[in-house]
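This briefing goes with the sequence and structure shown below. Please keep both at hand while reading the notes that follow.

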Amino acid sequence: MEDWVAMLIGAIVIVLFSFERFNRANYEQKYQLDELMRLLAPDQLRARSVVTQAYVGYTVLLLLIYFLVCAFSNVFVLLGFDALAGKNDIGGGASTVGSNADEAETLGIRPEVSLTVALIMVGLAPSVPVLKRFEEIVRYWAHRLAGIPTHVLNILSILRHRQISLPENHDYKKDSLLIDLNDWRRMSCSKKLLAQGDMGSQSFERDLLVMFAASSWILDNQIQMHRPSDRQRFLQLEDKLRSRKKELVGDLDDLINLYIEGDQTMVATDQNQIEMQQTSPEDFVLRNGRSQKWERLFARADDLAEGFCTLIALYVERGIIQNTQQDTIAENSRTKAQWVKQYAEATRLLNDLTKDTVEQSVARNANTRDATTLFMWMSTTIVVTTAVWSLFVGRYSYELRHSHFAENWYEPVWFQFVEAIFSFCLPMGIALTVYALLRNRDRWENTVTASASKALAQYFAVVAVSWLITMVIVLGVFIWLTALNWGWDVAINNVGFVVEYEAVAKFRGVGLSVLLIYLCDVAQDREASKEWLTRSSMPKRWIAIGALLVGAIGFWGRYAQSLISVRESASRSTMDAIDGGLIVYATLYSALIGLVALYIFGLVIRDRAFVPSPQGSKKDKEAT
């Protein structure tokens, strides 16, 4: 009993301390990040739903490594785990493990082993190089698959190649666009002065406009931002940008010899006017080392504009900047009409600057959220259906398989529940994760409109990855349990048998996942999903297809298992009535899972954001 408690405590320790390790950046050497990006933790670089999914995957993999190292610690001694040598009972055979009633229920893992491994993995004990490397690799791939920091860097790259398009013949004195008038004067004066000195720089003008516009609209809250609680996490970044902008503005004012009077109006000093009259414009700009100062100012303005674009990219990804409906704001506003006009125009310019990036971030975050929601609904459906089946029908299949009635009601429930987890939930979770990741990285083409070869290649990738990972986990559990009770020789010798026995049966969850993924693609295609939009549930033919597909895989899986059992049996040469009964039960159970899962799927998918509304979107209406 102590080993179970120690293993559980070790798992809890890993879960409690894993986020601190997950939130450590280990991608600085891979990407060239500026100072502002280095201030941010990985969980600030993606939306909360994406970070949560990446963190859950990271934690699950850490737990798998934890159980693997604990179960096979005697093997891992060869990789540097000297502290764990000789402390486990696994692999000792029946003579050392399970030799009495007290030892029969043990894991074969000493408490000090599981606790030591857990403390090492979370950094609370001296690290083992191999284990530390495992954790770094898992963390790196968790960040990369979640788009940390590549997603924000992609948005930043798009923003840096765009510019704020001012209206033609724009007069800032009449329409400031909610930007400080003194900032407009700075831009106007520096533009004229540099043009006279033949040092004009379009990129510098663009950088100043982005810097001053973002400072007024975002830092000074001239435009409404969303999700204030999320924004609180970026206050340090905002303060840093505000401080750097103040320093740059001070140096810019010194170069153009401008100052602000008490009425907050920016004017040229008398000395500036005298110097301009006595010298040519070019001499005024270039003398006394001013050209070098301008060049340095150009570089600083470029860096600061990139910093503000970084802030915009982060706010787009986190949903703090959204495409605001200008008409609604204008109608609901009680302020002056001139301010309303400027607000609407400023909002339009910000929307134009962030166009496409907002929609892409919303869509990618929705992919992760929808895949997670779908998996939770499907897993719950499978577990509940399995529990009901086990209570009323599953006990008969349990009797056939074990040749005796269950001693209590929960034995068949637990037996069927484990089968449901490994045959349906596990491969489905892996398949939906692969699907969401490929969509987030724009590597998935809707299979409704894609070519047959492209669609088949995508489905093959999903099937192969989900089935292989599922089989690896099943084999790991089998080897551990077999080595615990009968020794390593028996476990290794039966690996081939387990692969044959479980291979087809594990395709039930894979086949159901492929059907769900196809229907997700159908739901995103307006023409293909028209029938769904006029019905309150999934069309009956899809429910029937789901039941037939999963039932057929269940039939062939159990049929293959019976053939293998007959081949390995020394007492019978053909299948008997028990095999026939098990095949019938497996087929009915699988078909029931497919039927209920497809029915619930139809109810869930109809309410998700990526399903088009019956009235059509605003974009569709404008197109027509």
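The notes below cover the chain as a whole, its nonpolar cores, selected helices and a surface patch.

The model is predicted. The protein chain has 624 residues, of which 46% count as buried. Its secondary structure comes to 27 helices and two strands.

**Whole chain**

- Among contacts with a separation of 6 or more, 78% join residues 24 or more positions apart.
- The accessible surface of the protein chain is about 31400 Å², and carbon and sulfur atoms account for 58% of that area.

**Nonpolar cores**

- In soluble globular proteins, nonpolar side chains tend to be buried together.
- The largest nonpolar core holds 98 residues; Tyr66, Phe204, Trp217, Trp294 and Tyr315 touch the most other members.
- Helix H15 (residues 290-317) contributes the most to this core, with 13 residues.
- A second, separate core has 36 residues, including Trp389, Trp444, Leu516 and Leu598.
- Leaving aside residues up to four places away in sequence, Phe204 touches Ser190, Leu194, Leu252, Trp294, Leu297, Phe298 and Ala301.

- The buried residues of H17 are Val340, Gln342, Tyr343, Glu345, Ala346, Thr347, Leu349, Leu350, Asn351 and Leu353.
- Helix H23 (residues 507-524) has 18 residues and reaches 26 Å from its first C-alpha to its last, close to the 26 Å expected.
- Of the 18 residues of H23, 15 are buried, so this helix is largely enclosed by the rest of the structure.

**His143**

- His143 lies in helix H7, which runs over residues 129-145.
- With a relative accessible area of 1%, His143 is buried because the cut-off for that class is under 20%.
- Not counting residues up to four places away in sequence, His143 touches Phe22, Arg24, Asn26, Tyr27, Pro42 and Ile148.

**Surface patch**

- Leu8, Ile12, Leu16, Phe17, Leu119 and Leu124 form a nonpolar patch on the surface, with about 570 Å² of accessible area together.
- Helix H1 (residues 2-22) supplies the largest share of the patch, four residues.
- Phe17 is found in helix H1.
- Phe17 has a relative accessible area of 37%, so this residue is partly exposed, a class that lies between under 20% and over 50%.

Conventions. Residues are numbered from 1 along each chain as its sequence is written. This is a predicted model: local features need pLDDT of at least 70, side-chain atom pairs count only at pLDDT 80 or more; totals for chains, interfaces and linings use all residues. Side-chain values use heavy atoms; hydrogens and water are left out. Buried means under 20% relative accessible area, exposed over 50%, partly exposed in between (1.4 Å probe, protein chains only). Contact means heavy atoms within 4.5 Å. Patches are made of residues with over 30% relative accessible area and no salt bridge: like charges are joined within 9 Å, nonpolar side chains (Val, Leu, Ile, Met, Phe, Trp, Tyr) within 5 Å. Accessible areas come from the Shrake-Rupley method with a 1.4 Å probe; for residues, only the protein chains shown count as cover. A salt bridge is a side-chain nitrogen of Lys or Arg within 4 Å of a carboxyl oxygen of Asp or Glu. The expected span of a helix is 1.5 Å times one less than its number of residues. A nonpolar core is a set of buried Ala, Val, Leu, Ile, Met, Phe, Trp, Tyr and Cys residues joined through side-chain atoms within 4.5 Å.
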